[in-house]
Structure formats: structure tokens, C-alpha cells
Amino acid sequence: MSSRRSERLVNLVIALLVTDRPLTRAELRETIEEYRGKSDQAFERTFERDKDELRAQGIDVRAVTIDSYFGDETGYRIPRSAFELPPVQFSQAEADALAMAARVWRDQMLDESSSAALVKLRAAGVEPDTEAGISTTVSSGAGEPSLPELWRATLSATPVSFSYRDQAWRHVEPWRLVMRRGHWYLLGHDRDRDDARIFRLSRITSEVRDDGPEGSVHRPEPRTVQGHLSRLEPPAAAPVTATVAHDPACRLAGAVPAGQDAPAGPVAELDVPEGYVTEQVTFPGTDALVHEVLRAGGRAVLLGPPEARDELAARLTAVAGRSWTREVVR
């Protein structure tokens with residue numbers, strides 16, 4: 001769809017929405033600039049196509065008979081109730097959570113947006129508690145000063161160039177910015193290597209420069225982009241079979257009963273609380289197993305395998321050794 005036609009359809013929707021009465025074809029022709037310069041036949045054809053297009057997109061363009069001194073005429077309107085979204089209502093707890101998110105994001109790119117969000121909450125009659133919670137800040141960090149420029153270039157589809165690892169200058173068409181495990185990465189087409197590449201922002205050692213006109217980057221389809229980003233994900237963990245004693249009411253998420261051929265491995269001889277059931281279950285990995293046992297909060301006892309028990313003990317030791325003193329803003 002051309003930009004001129006898109007603009008004409010938007011103007012038609014606005015005209016039919018804001019009016020307090022149905023508008024005739026003559027009134028719409030006078031109101032919408034794209035219709036004015038057309039001949040009678042061209043206007044009729046264009047208006048019919050536009051009307052059909054809006055209806056095909058699910059917009060309820062209604063034709064209404066209007067009584068006039070010169071006989072019945074047909075007017076058009078779009079009922080607001082069938083087009084507008086219902087108002088979004090936040091509870092006080094939800095508003096406070098949004099306020100906390102706005103306080104957390106002090107990044108130079110997001111601070112203006114978060115402040116505007118708080119203004120809109122107050123305008124809606126909800127007064128968020130902006131002083132509640134822990135004093136925490138999330139930002140791009142001093143080691144990633146290139147983030148604002150790359151964010152802008154990615155949104156505007158503008159090619160960029162920069163020095164990477166103090167080596168050759170790279171010329172990149174940015175596709176996506178993502179954060180993985182606390183680090184920002186840029187995925188894009190490396191013009192020098194004529195292939196998709198992923199760049200860690202903390203390794204960019206120069207300012208980011210525009211390297212082409214805005215809107216000249218052609219991104220691949222989302223499935224292709226996601227396929228490249230999958231390289232940032234850790235390899236899938238190997239399934240692990242464990243022996244766990246747990247409260248019958250305690251459900252271990254992700255666990256499936258182990259088959260008869262599953263390796264049992266050594267089991268620790270421990271006193272299990274009365275009423276607990278002992279069973280062999282398979283988890284998608286050691287990390288998932290340890291996470292679920294910790295989440296059970298004492299209602300599950302990991303009896304084996306030994307390497308999973310060692311990992312569980314290491315995490316509990318790390319938690320016990322942490323300092324839980326924290327700054328609280330009131």
C-alpha cells in the first residue's frame with residue numbers, strides 16, 4: 001500500500017470518527033484533500049475502494065440514511081464504541097510497580113519515556129508511590145556509550161560504522177539490539193564480511209557514525225533474526241535423573257517420572273520427614289533441578305545424584321554468606 005493511500009485512509013478514519021453526525025459523500029470529498037482534485041467518477045471509485053478496504057480491516061464503516069430537504073441521502077460514520085479500546089485501569093499496586101520501573105530505568109534513552117508514563121498515570125487519576133522500594137538503577141553502563149546511537153540507528157534503519165576491539169573499522173546494517181546475561185549485543189549485516197554478525201557493545205572502541213541514509217537497512221524476517229540470536233543462548237542442558245523426597249502436596253515444575261531404564265545413581269542416606277514420598281524424576285538439566293528443590297522451600301529433599309547435591313549445597317552456601325543489608329528509600 002502506497003504512503004499516499006495510507007494517509008488518505010487514515011484521514012478518512014479520523015473524519016468518520018470525530019464527527020458527531022454522519023457525513024455525506026460530498027462532505028467527505030470536501031474534507032479530505034486527496035478527494036478534492038478528483039473527477040466525480042474517480043472520486044466515486046476511490047471512495048468505494050477506501051470504504052471496502054477499511055471494512056476488510058475490521059473497521060465498522062456504517063452507512064446511515066439522512067433526511068434532508070432534497071430527499072434521502074446516505075451518510076457515513078464510524079461508531080467510537082466499536083473502534084476505541086476500553087480504558088486501561090490500574091490498581092494501586094500495579095501503579096506502584098510501574099512507578100518503580102520508571103525509577104529503575106534512569107538510562108538516558110528511557111528516562112524521558114518513563115517520566116511521561118508517570119504523568120499519564122497521574123492524569124488517569126492514579127497517584128503512584130514513586131518513593132517505595134529499593135534504590136536500584138539499571139543503565140547502559142559506562143562501558144557501553146554506543147547504546148543510544150545504536151538504538152536510534154536500529155529504530156531508523158540507518159547503517160552505521162564503528163571500530164571494534166580497536167581493530168578494523170566495521171560497517172554494519174543494524175537489525176536488532178538485545179540484552180543477554182547483563183550485556184548488550186547488536187545483530188546486523190556486516191558489509192565488510194557480507195554476512196550476519198553479532199557485536200558486543202562493550203567492545204566497540206569508537207564513536208558510532210552514520211554510514212548511509214535513514215531507512216536504507218532492509219531487515220530479514222523475524223524468524224531469520226531469531227535464528228541468528230540463538231547463537232547467544234547457552235547450549236541446551238542434558239537431562240538429569242534425580243531421586244527426590246518431597247511433600248505429596250509439593251509439585252516440582254518441569255519434573256517427569258523417570259523411566260525404568262533411567263540411571264538411578266548413588267543416593268544419600270538421609271532421614272526423610274514422615275509422610276514424604278520418594279521418587280525418581282527427570283529434569284531438563286541440573287540447574288532446573290536445583291532451582292525447583294530450592295523453590296520448594298524445605299518441602300523437598302534432594303537425595304541424588306551427588307553432583308546435583310553438590311551444586312545445591314554450593315548455592316545454599318553462597319546465599320548464607322551474602323550480606324542482606326540494603327539501602328531502602330522511603
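**Note on the sheet and the nonpolar cores**

1. In this predicted model, five strands form an open sheet in the order S7-S6-S5-S4-S8, and their pairing is antiparallel. The edges are taken by strand S7 (195–200) and strand S8 (209–210); each has a single partner strand, so one side of each is left without a neighbour in the sheet.

2. Within the sheet, strand S4 (residues 160–163) pairs with strand S5 (residues 169–180) in the antiparallel sense, over 4 bridges. In this pairing, valine 160 stands opposite valine 172 of S5.

3. Helix H9 (residues 222–229) lies across S5, S6 and S7, and runs at about 85° to S5.

4. The largest nonpolar core comprises 17 residues. Those touching the most other members are Leu12, Leu16, Leu28, Phe47, Leu54, Val61 and Ile78. Helix H1 (3–18) and helix H4 (40–56) each supply at least two residues of this core, and H1 gives the most, with 6 residues.

5. Which residues does leucine 16 touch, not counting residues up to four places away in sequence? The contacts of leucine 16 are with Leu28, Val61, Tyr76, Arg77 and Ile78.

6. Another core, of 15 residues, lies apart from the largest one. Leu252, Phe283, Val290 and Leu302 are among the residues of this other core.

Terms used: Residues are numbered from 1 along each chain as its sequence is written. This is a predicted model: local features need pLDDT of at least 70, side-chain atom pairs count only at pLDDT 80 or more; totals for chains, interfaces and linings use all residues. Side-chain values use heavy atoms; hydrogens and water are left out. Two strands pair if DSSP finds at least two bridges between them. Contact means heavy atoms within 4.5 Å. Axes are lines fitted to C-alpha atoms, for helices over the stretch in contact, and angles run from 0 to 180 degrees between N-to-C directions. A nonpolar core is a set of buried Ala, Val, Leu, Ile, Met, Phe, Trp, Tyr and Cys residues joined through side-chain atoms within 4.5 Å. Buried means under 20% relative accessible area, exposed over 50%, partly exposed in between (1.4 Å probe, protein chains only).
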